Amino acid sequence: MGIIALFVQNIVMLYSFALIIYIFMSWFPGARESAFGEMLGAITEPYLNIFRQLIPPIGGLDITPIIAILALRFASSGLIYLLAMLGL
């Protein structure tokens, strides 16, 4: 695997962790209003809002973070495969 493919893989992994941490912060009152929560929100909300426009909450449950993480993983797998095929 090339250096660029490895870099992309690491960035996607870090962003996935940021999404997961931001999702879990919703379980704790006031966590998203902290400085760390606002920073994560600034990083993750634009990506999550793409999916929130497409998928409405089901029974009051917002499943868009799950779909967003799956879409990110599928897209990154395809990109990493292409980069590996090109030897990058």
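Modeller: A residue counts as buried when its relative accessible area is under 20%, and that cut-off is the one to keep in mind while reading this predicted model.

Biologist: Is I69 buried or exposed?

Modeller: With a relative accessible area of 17%, I69 falls under the 20% cut-off and is therefore buried. I69 belongs to helix α3, and, once its neighbours within four places in sequence are set aside, I69 is in contact with L19, I20 and I23. The C-alpha atoms of I69 and Y15 are separated by 9.2 Å, although these residues stand 54 residues apart along the chain.

Biologist: How do the axes of α1 and α3 cross?

Modeller: Angles over 145 degrees count as roughly antiparallel. Here the axes of helix α1 (residues 3–25) and helix α3 (residues 64–86) come within 9 Å and cross at roughly 175°, so the two helices are roughly antiparallel to each other. Among the residues making the contact are V8, V12, Y15 and L19 of α1, together with I69, L72 and L79 of α3, and by class the contact has 14 nonpolar, 3 polar and 1 charged residues.

Biologist: Which residues are closest to the centre of the largest pocket, and which helices supply its lining?

Modeller: The largest pocket holds about 170 Å³ of space, and of its 13 lining residues I23, S26, D62, I63 and P65 are the closest to its centre. Helices α1, α2 (35–54) and α3 each supply at least two residues of that lining, with the largest share, 3 residues, coming from α3. By class, the lining divides into 9 nonpolar, 1 polar and 3 charged residues.

Notes. Residues are numbered from 1 along each chain as its sequence is written. This is a predicted model: local features need pLDDT of at least 70, side-chain atom pairs count only at pLDDT 80 or more; totals for chains, interfaces and linings use all residues. Side-chain values use heavy atoms; hydrogens and water are left out. Axes are lines fitted to C-alpha atoms, for helices over the stretch in contact, and angles run from 0 to 180 degrees between N-to-C directions. Helices (H or I, at least four residues) and strands (E, at least two) are DSSP runs, numbered from the N terminus. Angles under 35 degrees count as roughly parallel, over 145 as roughly antiparallel, 65 to 115 as roughly perpendicular and the rest as oblique. Contact means heavy atoms within 4.5 Å. Ala, Val, Leu, Ile, Met, Phe, Trp, Tyr, Cys and Pro count as nonpolar, Asp, Glu, Lys and Arg as charged, and the others, Gly among them, as polar. On a 1 Å grid over the protein atoms alone, a cavity is a set of points where a 1.4 Å probe fits but cannot get out, and a pocket is an open set with protein on both sides within 12 Å along at least five of seven lines; lining residues have an atom within 4 Å of a point. Grid points are joined across faces, edges and corners, and a volume is the space filled by probe spheres set on the points. Buried means under 20% relative accessible area, exposed over 50%, partly exposed in between (1.4 Å probe, protein chains only).
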